[in-house]
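Work through the exercises below with the sequence and the model open. Each task is followed by a solution in steps.

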Amino acid sequence: MDKRGSRRKRAARNERAHRAAADRPQSRFRLWVRRAFIWGGALALLGALFLGLAVGFSARSMPSFYQLKATQNAQTIIVRARDGSEIVALGPSYGKWLTSNEIPQVMKDAMISVEDRRYYSHFGIDPYGLVRAIYEAVTGDERISATSTITQQLARNVFLNSNRSLDRKLREAVLAMALEAKFSKEQILELYLNKVYFGGGAYGIDSASRKFFSHPATELSTAEAAIIAGLVKAPSRYSPTADVDAAVGRASVVLRLMKEQGRIPANVTVDPSTVNLKEEKGQNSVRYFTDWALPQLELLLPETYEPIEVWTTLDVGMQRAATAAIKSNTPDGAQGALVSLDRDGAVLAMIGGTDYVETSYNRATDAMRQPGSSWKLFVYLAALEAGYKPDDRVVDTPVTIDGWTPRNSNGRNVGEIDLRTAFAYSINTVAAQLGNEVGFGTVASMARRFGITTEISTYPSMVLGSNEVRLIDMTRAFAAISDKGHSVDPYGIIKVTTSEGRVLYEHERRRQSQLVPDYVAAGITDLLQTAVNTGTGRAAQIGRPVAGKTGTTSSNKDGYFVGFSSGVTTGVWMGRDDNSRVGGLQGGTAPARAFAAYMRYAVKNRPVEEFDTDLQLPEWQLEPDDEYMLGDPDDYYFIDEQGNLIEPGRPDDNRGDPFSEGPVRPEDGQRPRQSPALPQRGADGGPQAIGDDFLDEATGANRDRRPRPAPQQTPSQPRR
């Protein structure tokens with residue numbers, strides 16, 4: 001029995017040991033789970049404690065409900081013309097403050113449906129909505145969006161800025177919970193609906209209702225409430241005054257959500273397209289200018305919320321004249337744009353389209369269109385800088401360059417003409433030859449030098465204006481010619497002051513640079529004046545000197561005219577936004593007429609200025625005969641390849657008579673090739689004029705000039 005009992009005891013001990021060994025991993029796991037739960041709970045409790053303290057402190061230090069009602073943190077901007085008159089007031093517009101009982105229930109329902117469907121059930125932040133947004137972002141490969149509750153939006157609008165940093169989002173969440181802790185849901189909704197921005201300077205539903213529907217918010221219908229609620233997501237995009245279709249489409253989304261959430265009966269039909277919107281009478285073309293100029297304040301001023309006054313370069317009378325000129329001359333169905341610069345770059349007038357209310361797209365500063373032959377400004381500038389002169393003879397003849405064969409608009413060629421006539425009548429074949437001779441890259445560099453900021457290709461056809469440009473850039477280039485080749489930087493803001501008159505910014509003119517020599521600026525001005533006097537730009541004449549250039553693209557898709565007179569430079573473009581053909585549109589027709597109509601007013605109080613077209617050529621470009629007549633030939637000294645002086649009138653021991661043509665070689669009956677470093681004697685034994693090859697080497701100019709095409713026929717009167 002003792003032995004049996006021992007065996008049973010040992011077996012029991014072994015079984016217990018096996019069971020303990022089998023239970024050991026499970027015990028360890030349970031132990032770690034228990035520890036993690038304890039530590040996690042402790043950390044969560046600690047985090048909740050800190051969050052509660054943060055929320056409590058924020059709620060305690062938060063302004064009262066009545067203080068928040070009286071606080072408005074939006075900025076008012078008064079924009080003034082160059083004479084100090086007020087042209088537009090931008091910034092907040094506040095309607096009547098509506099209490100929660102005065103706000104229509106349909107307005108509350110519309111806003112909650114589209115912005116925060118669980119508004120009445122969350123505590124400032126919506127955990128379910130946040131988790132759902134994160135899940136959709138992870139599974140749909142999209143960033144987190146639409147996670148802010150109405151309370152969070154109110155906290156951001158009142159206390160914070162709109163950046164997307166994690167720190168700002170955390171503070172926004174804390175402030176939202178503090179708002180919920182301090183105020184009731186109805187108070188928070190009242191603050192939100194009276195403070196949220198709806199676009200067009202309207203803050204609060206009453207201001208928005210009066211702006212868009214011409215009545216107070218207490219009279220809002222279901223469709224109108226849906227339109228207003230839909231604006232919060234993107235006020236500029238869904239504004240009914242900017243895009244009615246976008247506003248109606250967004251309102252339809254709001255109405256669908258209201259039905260899905262049971263806030264309006266499913267069988268009720270509401271058509272937002274039937275809403276009567278407030279008409280904005282008249283065309284406020286000044287907004288094209290302010291839309292371009294005012295964003296520059298972000299770079300010019302430190303961050304400030306105080307009311308400011310912006311003194312601009314805009315001339316009210318010129319702006320009115322520009323508006324009338326564009327509206328009366330632009331072909332039906334087309335758009336027009338105009339930019340006018342003073343000699344220092346100040347923008348005097350800017351028109352970005354025929355009607356700002358219809359479309360706010362600024363075609364003067366944003367649209368990129370082909371300038372046509374007005375681009376030849378840069379071709380001829382490069383040619384003049386390379387040594388051409390307005391009186392030089394060129395040949396209008398068929399030409400093919402790298403497989404490209406340009407043709408003139410009239411389909412004819414007139415043969416030999418001077419450079420001035422070729423430019424005035426915008427002859428394409430001559431421009432192509434000039435571009436090929438000076439180099440298409442040189443033409444592109446010239447355009448860059450004069451302020452063209454868009455991409456420039458160097459294909460041969462670029463000489464005829466195939467590159468797309470902005471109107472303001474082309475006007476800037478012509479303004480530099482008006483200022484005798486000096487750089488011009490367009491600007492629209494003269495100074496910025498506070499409402500008390502303290503100066504925050506004042507414009508200082510940038511240091512000018514000389515873009516081309518004076519004689520090049522004088523030469524191109526000569527050509528531009530001829531283009532208006534006798535060429536394609538005759539419709540731009542205004543009874544005083546005008547210089548300018550027309551431009552017309554293929555199939556009459558774009559019409560350009562850019563020119564200047566009495567220190568004012570103006571560019572005009574016309575065409576269709578879809579780049580379709582405009583019948584009869586040419587740079588010398590409607591654009592030139594609009595230019596003339598505007599410029600007659602723009603320069604009427606300015607003195608008449610004659611253009612400086614007197615070419616004072618540099619010494620290297622003087623004709624050899626002129627140089628020879630300046631003194632005795634014996635005064636000339638030449639330098640050989642070793643740098644030694646050689647007197648041309650005396651024989652040289654090493655090289656023989658410098659005027660000798662050299663002996664005839666018996667083997668080929670020809671004389672040896674003369675060195676370009678020395679002049680030759682004529683048949684009468686007298687010295688000839690210095691040749692181009694010698695002059696290049698003697699002066700170091702080393703110009704690579706191809707021979708100009710020889711005349712093929714007798715010059716005739718060019719045709720337009």
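A polar contact is a pair of N or O atoms within 3.5 Å; within protein, one of the two must be able to donate a hydrogen and the other to accept it. The model used here is a predicted one.

**Exercise 1.** Locate S100, state whether S100 is buried or exposed, and find the polar contact of its side chain.

Solution. 
- Step 1. S100 sits in the loop between β3 (93-94) and α3 (105-115).
- Step 2. The relative accessibility of S100 is 12%. Buried means under 20%, so S100 counts as buried.
- Step 3. The side chains of S100 and E186 are joined by a polar contact of 2.8 Å.
- Step 4. Leaving aside residues up to four places away in sequence, S100 touches K108, E186 and E190.

**Exercise 2.** Describe the salt bridge between R256 and E260 and the setting of its two partners.

Solution. 
- Step 1. The closest N and O atoms of R256 and E260 are 3.0 Å apart. A salt bridge requires a side-chain nitrogen of Lys or Arg within 4 Å of a carboxyl oxygen of Asp or Glu, and R256 and E260 form one.
- Step 2. Both residues belong to helix α11 (residues 244-260), where they are 4 residues apart, about one turn of the helix.
- Step 3. R256 is partly exposed, at 43% relative accessibility, and E260 is exposed, at 54%.

**Exercise 3.** Which parts of the chain does the salt bridge between R606 and D342 tie together?

Solution. 
- Step 1. The side chains of R606 and D342 meet in a salt bridge of 3.1 Å, N to O.
- Step 2. R606 is in the loop between α21 (590-602) and α22 (624-628), and D342 is in the loop between β6 (335-341) and β7 (347-351), so the bridge ties together parts 264 residues apart in sequence.
- Step 3. R606 counts as partly exposed at 21% relative accessibility, whereas D342 is buried at 11%.
- Step 4. A network of salt bridges links R82, D342 and R606. The structure holds 19 salt bridges.

**Exercise 4.** Repeat the analysis for D391 and R420.

Solution. 
- Step 1. D391 and R420 form a salt bridge with their closest N and O atoms 2.7 Å apart.
- Step 2. D391 lies in the loop between α15 (376-386) and β8 (393-396), while R420 is in helix α16 (residues 419-424), so this pair joins parts that are 29 residues apart in sequence.
- Step 3. D391 is exposed at 53% relative accessibility, and R420 is buried at 19%.

**Exercise 5.** Characterise the second largest pocket by its volume and lining.

Solution. 
- Step 1. The second largest pocket has about 770 Å³ of space.
- Step 2. Its lining comprises 33 residues, and S373, S409, N428, T552 and T553 are the closest to its centre.
- Step 3. Strand β12 (residues 547-552) gives the most to this lining, with 3 residues.
- Step 4. Sorted by class, the lining has 4 nonpolar, 23 polar and 6 charged residues.

Technical notes
Residues are numbered from 1 along each chain as its sequence is written. This is a predicted model: local features need pLDDT of at least 70, side-chain atom pairs count only at pLDDT 80 or more; totals for chains, interfaces and linings use all residues. Side-chain values use heavy atoms; hydrogens and water are left out. On a 1 Å grid over the protein atoms alone, a cavity is a set of points where a 1.4 Å probe fits but cannot get out, and a pocket is an open set with protein on both sides within 12 Å along at least five of seven lines; lining residues have an atom within 4 Å of a point. Grid points are joined across faces, edges and corners, and a volume is the space filled by probe spheres set on the points. Helices (H or I, at least four residues) and strands (E, at least two) are DSSP runs, numbered from the N terminus. Ala, Val, Leu, Ile, Met, Phe, Trp, Tyr, Cys and Pro count as nonpolar, Asp, Glu, Lys and Arg as charged, and the others, Gly among them, as polar. Buried means under 20% relative accessible area, exposed over 50%, partly exposed in between (1.4 Å probe, protein chains only). Contact means heavy atoms within 4.5 Å.
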